[in-house]
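The following exercises concern a single protein model. Each gives a task and then a solution in steps.

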Amino acid sequence: MRALFRLVTAGLLVLGLSGAAAAQDKKPTMDDAKATTLKAAELLAAKGLDAAATVFNADGEFKHGEIYVNVIDLDGVWRVYPPKPAGVGQNMSQVKDADGVFIIQEILKVAKDKGEGWVEYRWKNPASEKIEPKVTYVKKVDGKDLVAYVGIYK
């Protein structure tokens, strides 16, 4: 009987883990981007940039598939950028999308004027190698001169 219990328990554990992995493999939604951004802003406010950056750069809740957390300061300088950690410290305020929109300036405008919200632009999708519409949820971090954001391709 114990062997059967262990077998069933192990099977349920494997199913649970594979279900979690499958959830991370699904196409992220706007709700996923918003929820991750809000959680990231809370973590930044509570634990500070260094502790949060460690979490954001590791695979897990804040970095999986297309989802990853970006953090900039109010001058447009990258503080966390998981796809290219070497870019941290660079001022990105003059970066334009395919249509000439200053993306970081738009992100900062939403953060400063509204505290949080959506920014849309067109960006090269590394999966398809094509310029595609992208939507990003932006949140100014309470009590900090930082902005967290997460984007997804439409």
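**Exercise 1. Determine what covers the buried residues of helix 4, and describe how those residues are arranged.**

Step 1. The cover of the buried residues of helix 4 includes strand 3 (70-73), strand 5 (116-125), strand 6 and strand 7. Here helices (H or I, at least four residues) and strands (E, at least two) are DSSP runs, numbered from the N terminus. The model is predicted, so that local features need pLDDT of at least 70 and side-chain atom pairs count only at pLDDT 80 or more, while totals for chains, interfaces and linings use all residues. Residues are numbered from 1 along each chain as its sequence is written, and side-chain values use heavy atoms, with hydrogens and water left out.

Step 2. The buried residues of helix 4 are I103, I104, I107, L108, V110 and A111. Buried means under 20% relative accessible area, exposed over 50%, and partly exposed in between (1.4 Å probe, protein chains only).

Step 3. Viewed down the axis of helix 4, its buried residues fall within an arc of 160°, so they line one face of the helix. The arc is that of the directions from the helix axis to the C-beta atoms. K112, D113 and K114 are exposed on the other side of helix 4.

Step 4. The twelve residues of helix 4 (residues 103-114) should span 16 Å at 1.5 Å a residue, and the end C-alpha atoms are 16 Å apart, which agrees. The expected span is 1.5 Å times one less than the number of residues. Just after helix 4, G115 takes a positive phi of about 90°.

**Exercise 2. Describe the surroundings of T136.**

Step 1. T136 belongs to strand 6 (residues 130-140). Its relative accessibility is 0%, so T136 counts as buried.

Step 2. Leaving aside neighbours within four places in sequence, T136 is in contact (heavy atoms within 4.5 Å) with G117, W118, V119, Y121, Y149, V150 and G151.

Step 3. The side chains of T136 and Y121 make a polar contact of 2.8 Å. Such a contact is a pair of N or O atoms within 3.5 Å; within protein, one must be able to donate a hydrogen and the other to accept it, and residues adjacent in sequence count only if both atoms are side-chain atoms.

**Exercise 3. Which residues have the most contacts inside the largest nonpolar core?**

Step 1. A nonpolar core is a set of buried Ala, Val, Leu, Ile, Met, Phe, Trp, Tyr and Cys residues joined through side-chain atoms within 4.5 Å.

Step 2. The largest such core has 18 residues, and A40, L44, F56, V69 and V71 have the most contacts inside it. Helix 2 (30-47), helix 3 (49-57) and strand 7 (146-153) are the elements that give two or more residues to this core.

Step 3. A second, separate core of 16 residues includes Y81, I104, L108 and V119.

Step 4. Not counting residues up to four places away in sequence, L44 touches L49, A52, F56, V71, V141, K144, L146 and A148.

**Exercise 4. Classify the aromatic pairs W78–Y81 and Y121–W123.**

Step 1. A pair of aromatic rings is described by the distance of the centres and the angle of the planes. Rings of Phe, Tyr and Trp (its six-membered ring) pair if their centres lie within 6.5 Å; planes under 30 degrees apart count as stacked, over 60 as edge-to-face and the rest as tilted. The whole structure holds five aromatic pairs.

Step 2. W78 and Y81 are stacked, at 3.8 Å centre to centre and 15° between the planes. Both are buried: W78 has 10% relative accessibility, and Y81 has a relative accessible area of 14%. Y68, W78 and Y81 form one aromatic cluster.

Step 3. The ring centres of Y121 and W123 are 6.4 Å apart and their planes stand at 80°, so the pair is edge-to-face. Y121 is buried at 10%, whereas W123 is partly exposed at 31%.

**Exercise 5. Identify the contacts of E66.**

Step 1. E66 lies in the loop between strand 1 (63-64) and strand 2 (67-68), and at 22% relative accessibility E66 counts as partly exposed.

Step 2. Not counting residues up to four places away in sequence, E66 touches K27, P28, G151, I152 and Y153.

Step 3. The side chains of E66 and K27 are joined by a polar contact of 3.1 Å. A polar atom of the E66 side chain also lies 2.5 Å from the backbone nitrogen of Y153.
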